[in-house]
Amino acid sequence: MVKVSVILPVYGVAEYIEKCTKSLLAQTLDEMEFIFVDDHGPDDSIAIAQRIIAGHPREAQFRFLKPEHNLGAGMARNFAIPEAQGQYIAFVDSDDWVEPTMFEELYNEAVAKGGADLCYCQAYKDYLDGQPTEMLKNPDVEAGEFTHQKRRYFLQNYISLFWTFIFSKDLIQREMIRYPEDRSADDSFFVTANLLMARTVAHVDKPFYHYLIRPGSVCTTKDSDKYKKRLASFAKLMRFAKDKGVYTEYKAEMDFIYLKKGYLSSVFNYVYNSLEPTKNTLKDIYKELLAQVPDYARNPYFRKKISLKMLVWLLRHCTGLALKLIPIYIRKTNQVV
């Protein structure tokens, strides 16, 4: 019986995949499988991984899939999900690495809590340029039933650390949760969709995952149109919540997520990645906010966040100044946009 299936999209990570692959070989949980999706990268990443596992006692646990053409990370994960045989599914980025006991501890905790739909840990944010490692933490909620109160708290406070979770395959299949095809914020969609539909939750309060910030990675590559993809992903997330009949119950939390991670993150992404950002585009992004959350100013979480209120006011009434200040803020806070 496969307990955990780990899915890894692979594209252009020849410098990093050896460490990633060796960290998977070192896992202390025996009953696992590792599904590498060859996403038609420009280098020999897949060949390196195959060389490392060749002759290893765990070699038979590694599977390699190759779609007909490049899909992008989210769709590559979707390509592998139907092939996964594990009770739980996890996702690792092929330039990151994990601690040896990560999946054993997460799996055992999930089982100990009655087969929780979700079980998560914490992570490290590692830099290649010598900056000190940071801790990335998920909200702390009591294990067991994922009550309305716990869910509201998690949705209000979470960041999309999708690789810190193991997800019940039954949950993913039952609710037909997949990554959207838009190549931005697809991980936020996937995590939030699972959080909305999960019935039980567990966690291990340890940092097992190492998230690497490197030059040239997807999250650090400039793309002046990426904000459009982000807006599309979050529009689909709002539609998912409505289609599943949970939007009304979690309206405050979902609207707040859209405000922060849909609207404001799209603004930051656009300004930072554009050579000459324009006021008109910022107005267009604001129109998308009004289309999704017309009453955002009355959101209880937004009303308590003075800094967010000031930022939205600045974007609306002092757009030129905002265009100058946002890049400075992003650099000082090391935000990934």
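1. A charge counts as sitting over a ring if NZ of Lys or CZ of Arg is within 6 Å of the ring centre and within 35 degrees of the ring normal. R77 does this with Y179, its charged end 5.1 Å from the ring centre. K242 lies over the face of Y247, at 4.9 Å.

2. Some ground rules: this is a predicted model, where local features need pLDDT of at least 70, side-chain atom pairs count only at pLDDT 80 or more, and totals for chains, interfaces and linings use all residues. Residues are numbered from 1 along each chain as its sequence is written, and side-chain values use heavy atoms, with hydrogens and water left out.

3. On to the aromatics. Rings of Phe, Tyr and Trp (its six-membered ring) pair if their centres lie within 6.5 Å; planes under 30 degrees apart count as stacked, over 60 as edge-to-face and the rest as tilted. The whole structure has 25 such pairs. One of them, F91 with F190, is edge-to-face at 5.3 Å centre to centre and 85 degrees between the planes. F91 is in strand β4 and F190 in helix α7, so this pair ties together parts 99 residues apart in sequence. (Strands are DSSP E runs of at least two residues, helices H or I runs of at least four, numbered from the N terminus.)

4. Both F91 and F190 are buried, meaning under 20% relative accessible area, against over 50% for exposed and partly exposed in between (1.4 Å probe, protein chains only). Y120 and F165 have ring centres 5.5 Å apart and planes at 40 degrees, so that pair is tilted.
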